[in-house]
Amino acid sequence: MISPMTEQLALELAVTIRHDGAGGVTDDLETVDGLAQWLRGREERLRSALDAGPVTADETVLSAVREVRTAVRALFARAVAPRPASRADAGRLPTAEDALQTLARAAGRVPTAPRLDWPEGGEPVAVPTAAAPASPADRVAAALALAAVALLTGPGRARLRACPAPRCVRYFLQDHPRQEWCKPSCGNRARVARHHARHRDRTGGPAPGAGREG
C-alpha cells in the first residue's frame, strides 16, 4: 500500500514544469543537477513506493524520470477534463493510451513483491518491494510510476485541478470545494486580471498598472 504522502510524489513530479516568474515556463528537471536537487529530500518516500534506496542522479536516471513525467502530465490532463489542462501541455503530450503504456512499462521494469512492515505501536502495512536487483533508473522510474498509479486510482484524482490563474501552469489537489487556484498568489493575480478585463470592457483601454508581473 502506498501512502498519501508517497502519492504526492506524482504531483510533485508534474509541477517540475512551472511558471518561471517572467511570463514563461521553466523545467526544474532540465539538467542532471536539477534532478539531483529534486531527488534530495524525497528518498524516504521513494523507498516507501518501491524500496528504491539511495539514487545518484545521472543522464540515464534523468531520461527515465522525464519519460514518466510526460506520461503523468498526459494523464493529469485527462483527469481534469473537461476542464482545461495545464497551458504548458498544449500540443506537447502523448495520447492517454500511450501514457498508460509508458506508466505500465516503467512500473514493470522492477518486479515487486509485498513486504510486511509492522512498526512498533503502528499498524501492519504491505510495502511493494523490488523482487530482483534493478538499475537506479529503473527503480526510480518504477517508484514514480507506482506513485502516479496510486494517485490516479485513489480519491485524489477527483480533487486534481489545473490552476487557471494567468501564467500559471501548475496542477494541484483541491483542498476544499471552493478552492480555485494552486496558491494565494495565483488567486491575487487572477483577481487583478479580472479587474483589468472589466476596466477594458468599460473604457476600451488598459487599467492603471496593467501588464505588470505579479
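Helices here are DSSP runs of H or I with at least four residues, strands are E runs of at least two, and both are numbered from the N terminus.

I am working on a predicted model, so local features need pLDDT of at least 70 and side-chain atom pairs count only at pLDDT 80 or more, while totals for chains, interfaces and linings use all residues. Residues are numbered from 1 along each chain as its sequence is written, and side-chain values use heavy atoms, with hydrogens and water left out.

**Whole chain.** I looked up the secondary structure first. The protein chain has seven helices and six strands. Along the sequence I read α-β-β-α-α-α-α-β-β-α-β-β-α. I then checked burial (buried is under 20% relative accessible area, exposed over 50%, partly exposed in between; 1.4 Å probe, protein chains only). Of the 214 residues, 43% count as buried. The accessible surface (Shrake-Rupley, 1.4 Å probe) is about 11700 Å², and carbon and sulfur atoms hold 53% of it. Next came contacts, meaning heavy atoms within 4.5 Å. Among contacts with a separation of 6 or more, 61% join residues 24 or more positions apart.

**Helix H2.** Which residues of H2 (residues 32-39) are buried? I find Val32, Gly34, Leu35, Trp38 and Leu39. Down the axis of H2, these buried residues fall within an arc of 155°, so they line one face of the helix. The arc is taken over directions from the helix axis to the C-beta atoms. Exposed Asp33 and Gln37 sit on the face turned away from the buried side.

I also asked what covers the buried residues of H2. The cover includes H1 (4-14), H3 (43-50), H4 (59-80) and H6 (136-153). Just after H2, glycine 41 takes a positive phi of about 90°.
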